[in-house]
Every structure is written in structure tokens, then in C-alpha cells.
Amino acid sequence: VSCFVTVEKNGSLIDRVFNTYKLMHTNQTVDFVKQRHYEWTGCNHTRMGMMDTIMSLDQLVDESDPDVDFPNSFHAFQTAEGIRQAHPDKDWFQLVGLIHDVGKTMALWDEPQWAVVGDTFPVGCKFQNSIVFRDSTFLDNPDDKNPSYKTEHGIYEPNCGLDSVLMSWGHDEYLYRVMKFNNCSIPEEGLYMIRFHSFYPWHSHGDYMHLCNDKDLRMLPWVQEFNKFDLYTKTTDLPDVDKLKPYYQSLIDKYCPGILNW
């Protein structure tokens, strides 16, 4: 969830958000991301069904999010219901709305929030200006001083495709990896929504197009369509979760059934 929403620039909330991004932008390096891939993508931390994982997020307060102060499961169901209303024929899209933030469960297993929540960006190339708090939070990031990483393309070939790009580590990439590891049958468009919904510099600001291939450009409108529901469904009108659960459990059973490896 992006920090580009309007908030008063005072008080502890914006300080908390800024400090989370300061830690993120100091510590997310090529070496750190590679180490996190080694640590998490084997999906050997626990085994749990998707609905239980969604509900477990109620224990979490997202320190990067300036506009939510009710349990995470409500945002999950709100997003899914918004999509269900607009896209009644695309049940996989509705399910993506429900599960898109489930990767935040890493924070319940002692991963620091700056490596779980917030907007994402590529590492290994120049940090673009559209990254939130770009001007003030990368000063202590060693990659920002590394000549190999400071150019527009950095370690990547032009138009190599986002699949070849190392993104800052967080809940997007983690859930994408969990979906692939467990052979979940969500279509490619849905997997892009999961993997890149926090990549605001790309889907909302048009940056990093020089790294994209044709497939990325075909998928971009889907990610943008998803973003409408992710950002603007946080009303205080809370859904009746118990009533909605059976329907969404049927979608889980269809696309990512049973006990999953996390």
C-alpha cells in the first residue's frame, strides 16, 4: 500500500511510515535480496491453509501504511468484494484481491517490517526518483555508491523483462514464490498482480519501462486495474467476514487448495 495517500505531515503515524522506509531504503541491497531469496523461497517455514493465513494477519499492524487502523483481514475481504462487484465473471481476480497481502505473514515470523511491507523497487540499478522518499532515505544504502549499480540499467540488459529483475524483498515477491512453489493455478495476470502490486514506481509512475519486455507491458494494465481496488477499498464500512468466508473458501479450494507450504 503506497505512501502517496494524503496524510498530515506531523504526528507519530507519518514518522512511523518514514522510519520504516528509511530502514528499507538503507538495507535493501542486491546482496540482502539474494540472501532473502535463499532464506524464504524454499517455503520451509510452516504449513498452513490459505484462509488460516489470511486470518492470522489480524495480529499485524502494517508500519508502512498511513491509513489503516483496523484488522488486515477486513482489507482483504473489502478488496475482494470490490473486485467481485466489478468483475463478477473473474473468480481468480476476486481471489487475488483476497490474498494479495498474505505474504505479510513473514512479519509474524520475525522478518523486520522493512523487508515485508511497503512499496517495492528494483535493486541492482539506479534508484528512480518516483520511489517514495527517494531524496532522503537512500543516503546510507551501499548500492547507491556502487558504480555497477548506479547506471540506468545497472546489472540488467535493456528490456530483459521484470522476471529477470531483483525486486526489493517484501510480501509481493514472497507470496508470488509461495504460489509457484505450491503449483497454484491462478492465471499469469493474477500472479503479476500479486508480484507487482506494490511496485508503484512502475504501475503508477511509468518508471523502469527500460527493463520491461512485451509480456510485462501486456500485464501492466491488469496490475493497474487491480490497484484501483487495493487502494480505494479501505472504507470504515467493514464487511461481514463470517458471511463471506464460504464463498471465498470455495475459490481457495479451486485455485490454491489444501495445506500450503510457506
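Me: Let's start with Asp-253. Is Asp-253 buried, exposed or partly exposed?
Reply: Asp-253 counts as partly exposed, because its relative accessibility is 45%. Keep in mind that this is a predicted model.

Me: OK, and which helix is Asp-253 in?
Reply: Asp-253 belongs to helix H11, which covers residues 241-255.

Me: How far apart are the C-alpha atoms of Asp-253 and Gln-78?
Reply: Those two C-alpha atoms are separated by 20 Å, while the residues sit 175 residues apart along the chain. Gln-78 is one of the buried residues of H4.

Me: Let's stay with H4 then. Is H4 mostly covered or mostly open?
Reply: Mostly covered: 11 of its 15 residues are buried. Among them are Phe-74, Phe-77, Ala-80 and Ile-83.

Me: What span should H4 have, and how far apart are its end C-alpha atoms?
Reply: At 1.5 Å a residue, the 15 residues should span 21 Å. The end C-alpha atoms are 22 Å apart, so the two values agree.

Me: Where does Thr-79 sit, and is Thr-79 buried or exposed?
Reply: Thr-79 is in helix H4, residues 72-86. Thr-79 is buried, because its relative accessible area is 0%.

Me: What lies 2.7 Å from a polar atom of the Thr-79 side chain?
Reply: The backbone oxygen of His-75 does. His-75 is also among the buried residues of H4.

Me: Which residues line the largest cavity?
Reply: The lining is Ile-54, Leu-57, Asn-72, His-75, Ala-76, Leu-98, His-100, Asp-101 and Val-102. H4 gives the largest share of that lining, with 3 residues. By class, the lining divides into 5 nonpolar, 3 polar and 1 charged.

Me: And what lines the second largest cavity?
Reply: The lining includes Met-24, Gln-28, Trp-114, Asp-119, Trp-169 and His-171. Its classes come to 5 nonpolar, 6 polar and 1 charged.

Me: Switching to cysteines. How many disulfides does the structure hold?
Reply: It holds 0 disulfides. For Cys-212, the nearest cysteine sulfur is that of Cys-160, 8.5 Å away. For Cys-256, the nearest is that of Cys-184, 4.7 Å away.

Me: Why doesn't that 4.7 Å pair count as a disulfide?
Reply: Because a disulfide needs the two sulfur atoms within 2.5 Å, and the sulfur of Cys-184 is 4.7 Å from that of Cys-256.

Me: Are Cys-212 and Cys-256 buried or exposed?
Reply: Cys-212 is buried, with a relative accessible area of 2%. Cys-256 is buried too, with a value of 0%.

Me: Last topic, backbone angles. What is phi of Asp-110?
Reply: Phi of Asp-110 is near 75 degrees, a positive value in a residue other than glycine. Asp-110 is in the loop between helix H5 (91-99) and helix H6 (134-137), and counts as exposed because its relative accessibility is 73%.

Me: And what about phi of Asn-183?
Reply: Asn-183 has a positive phi of about 55 degrees, though it is not a glycine. Asn-183 lies in the loop between helix H7 (171-181) and helix H8 (188-196), and is exposed, with a relative accessible area of 67%.

Conventions
Residues are numbered from 1 along each chain as its sequence is written. This is a predicted model: local features need pLDDT of at least 70, side-chain atom pairs count only at pLDDT 80 or more; totals for chains, interfaces and linings use all residues. Side-chain values use heavy atoms; hydrogens and water are left out. Helices (H or I, at least four residues) and strands (E, at least two) are DSSP runs, numbered from the N terminus. Buried means under 20% relative accessible area, exposed over 50%, partly exposed in between (1.4 Å probe, protein chains only). A polar contact is a pair of N or O atoms within 3.5 Å; within protein, one must be able to donate a hydrogen and the other to accept it, and residues adjacent in sequence count only if both atoms are side-chain atoms. On a 1 Å grid over the protein atoms alone, a cavity is a set of points where a 1.4 Å probe fits but cannot get out, and a pocket is an open set with protein on both sides within 12 Å along at least five of seven lines; lining residues have an atom within 4 Å of a point. Ala, Val, Leu, Ile, Met, Phe, Trp, Tyr, Cys and Pro count as nonpolar, Asp, Glu, Lys and Arg as charged, and the others, Gly among them, as polar. The expected span of a helix is 1.5 Å times one less than its number of residues.
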